[in-house]
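Me: I am new to this structure and would like to learn how to read it. Please show it to me, then take it feature by feature.

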Amino acid sequence: MNIDDLETLGFVRVEYPTDLRQCVKDAMASWQEFCGLPDSHKNLFSGGDRVQDFGYMRRQDKVGLADDKELFHALKNQIPDLTARAEKVHDQRAVEFIYAVDQLIKAAEPLVVAFAKKVEDYYGVGGFEQAVAASTDRWVFRYLHYMPGETLAHAHADRGGFTFHLYESVDGGQYLGFDKKWHPWPVSEKETIIFPSMVLQHASQGRLKALCHRVVATEEARKHGRFSMVVFIHPQYNYRYDDSAKRLQDFEPGFNYNLPFPEFDKLFTPGLVNVV
């Protein structure tokens with residue numbers, strides 16, 4: 001990966017290691033199978049809270065920023081609980097999905113930590129590798145299934161440390177360049193991207209920017225929906241973006257690109273990032 005692209009482009013291209021790519025493909029195939037389970041089975045994986053949740057969620061917002069999707073949040077330290085829930089479903093699709101989730105988490109860890117080391121070494125973000133390596137139980141692996149329609153993901157930056165994009169079934173992912181124009185992001189079978197989020201912009205004193213991105217509906221997505229996977233990396237820092245005042249989706253896209261660091265710093269509050 002060309003690490004200086006983080007500063008000039010807003011992301012780095014990552015060539016997939018063969019074993020990790022296979023784990024991604026297996027996890028996506030099992031997620032698609034899981035989505036075919038009856039709602040009563042899928043809901044067994046939900047804590048029932050729309051925001052502070054893990055496991056399975058179904059969102060059907062029709063007002064404001066419309067949101068029509070099902071998703072699954074998986075964290076490393078939740079695998080034993082999720083495995084126990086899968087065994088109670090008595091459907092092999094559930095068991096195979098959680099197994100595939102676990103395998104993907106293990107396969108992704110070396111690349112994620114190696115990226116953090118490159119960021120620390122190249123940009124002088126002291127302690128970043130350790131903060132990432134110590135937070136493996138807080139990395140959120142998100143599986144998404146957008147329902148057919150016009151509305152997918154609205155423009156926003158992510159609130160954690162950085163985002164590792166893992167998979168998308170159809171095109172539509174776009175990033176807002178520093179030229180303030182929308183561009184398709186370079187994701188393919190063999191290559192994907194990692195981009196900074198709000199905490200890394202803060203940790204780098206504003207040198208790296210939380211990349212604004214969105215997902216627009218292609219003709220295929222309008223008709224058949226869209227599947228994707230990402231992992232949100234939340235370094236173990238004692239501060240976080242304060243979303244109690246304003247959600248990141250409510251800002252003007254790219255608001256943070258030219259924001260002076262003293263003003264950017266005011267958006268943060270003590271405490272760990274809420275991981276889901």
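Reply: Two strands pair if DSSP finds at least two bridges between them. Helices (H or I, at least four residues) and strands (E, at least two) are DSSP runs, numbered from the N terminus. In β8, Trp 182 is the bridge partner of Leu 176. That residue belongs to strand β7 (residues 173-176), which pairs with β8 in the antiparallel sense over three bridges.

Me: What are the numbers and values based on?

Reply: This is a predicted model, with residues numbered from 1 along each chain as its sequence is written. Local features need pLDDT of at least 70, side-chain atom pairs count only at pLDDT 80 or more, totals for chains, interfaces and linings use all residues, and side-chain values use heavy atoms, with hydrogens and water left out.

Me: In what order do the four strands of the open sheet lie?

Reply: Strands of a sheet pair through backbone hydrogen bonds, either parallel or antiparallel. Here the order is β5-β10-β7-β8, and the pairing is antiparallel. At the edges are β5 (153-156) and β8 (182-184), each pairing on one side only.

Me: Where does helix α5 have a kink?

Reply: The bend at a residue is the angle between axes fitted to the seven residues ending there and the seven starting there. In α5 a kink of about 35° lies at Glu 109, shortly before the proline Pro 110. Just after α5, Gly 124 takes a positive phi of about 70°.

Me: How do I read the packing of α4 against α5?

Reply: Two packed helices are described by the angle between their axes and the distance between the axes. Axes are lines fitted to C-alpha atoms, for helices over the stretch in contact, and angles run from 0 to 180 degrees between N-to-C directions. The axes of α4 (residues 79-89) and α5 come within 8 Å and cross at roughly 160°. The two helices are therefore roughly antiparallel (an angle over 145 degrees). Residues in contact (heavy atoms within 4.5 Å) include Leu 82 of α4 and Ile 98 of α5.

Me: At what angle does α2 pack with α5?

Reply: Helix α2 (residues 18-35) and α5 pack at about 150°, with axes 8 Å apart. They are therefore also roughly antiparallel. Among the contact residues are Trp 31 of α2 and Leu 104 of α5.

Technical notes. Angles under 35 degrees count as roughly parallel, over 145 as roughly antiparallel, 65 to 115 as roughly perpendicular and the rest as oblique.
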